[in-house]
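Here are my notes on this one, jotted down as I went through it. Have a look at the structure first, then read on.

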Amino acid sequence: MNVVHDSEALEILLEELRREHRSLDEQIIELHQAVAIDRLSIGRLKKQKLRLKDQITRISEQLYPDIIA
């Protein structure tokens, strides 16, 4: 696989992870607004969201490295 295809695949993965991250954020907000707050579910979703954020950061750094001139 060449660099162009690798970059395209990472871009697609990055967008999917960002969508999933936004979805988790929306689920967390909904749970906070519920009458009976499910703190365990909120905690699980927040941990999952953090894992996604880490993946997004790693992929972003791989696609767009900081180049010091």
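The points below go from the ground rules to a few residues and then the core.

1. Ground rules: this is a predicted model, where local features need pLDDT of at least 70, side-chain atom pairs count only at pLDDT 80 or more, and totals for chains, interfaces and linings use all residues. Residues are numbered from 1 along each chain as its sequence is written, and side-chain values use heavy atoms, with hydrogens and water left out.

2. Start with Lys49, which sits in helix α2, residues 39-63 (helices are DSSP runs of H or I, at least four residues, numbered from the N terminus). The Lys49 side chain makes a polar contact of 2.7 Å with that of Asp25 (a pair of N or O atoms within 3.5 Å, where one must be able to donate a hydrogen and the other to accept it; residues adjacent in sequence count only if both atoms are side-chain atoms). Setting aside residues up to four places away in sequence, Lys49 touches His21, Leu24, Asp25 and Ile28 (heavy atoms within 4.5 Å).

3. His21 belongs to helix α1, residues 3-33. It counts as buried because its relative accessibility is 18% (buried is under 20% relative accessible area, 1.4 Å probe, protein chains only). Beyond its neighbours within four places in sequence, His21 contacts Lys49, Leu52, Lys53 and Ile56.

4. The largest nonpolar core has 11 residues, including Leu24, Ile28, Leu52, Ile56 and Leu63 (buried Ala, Val, Leu, Ile, Met, Phe, Trp, Tyr and Cys residues joined through side-chain atoms within 4.5 Å). Both α1 and α2 give two or more residues to this core, and α2 supplies the largest share, six residues.

5. Core member Leu63 is in contact with Ser7, Leu10, Glu11 and Leu14, leaving aside neighbours within four places in sequence.

Note on methods: Buried means under 20% relative accessible area, exposed over 50%, partly exposed in between (1.4 Å probe, protein chains only).
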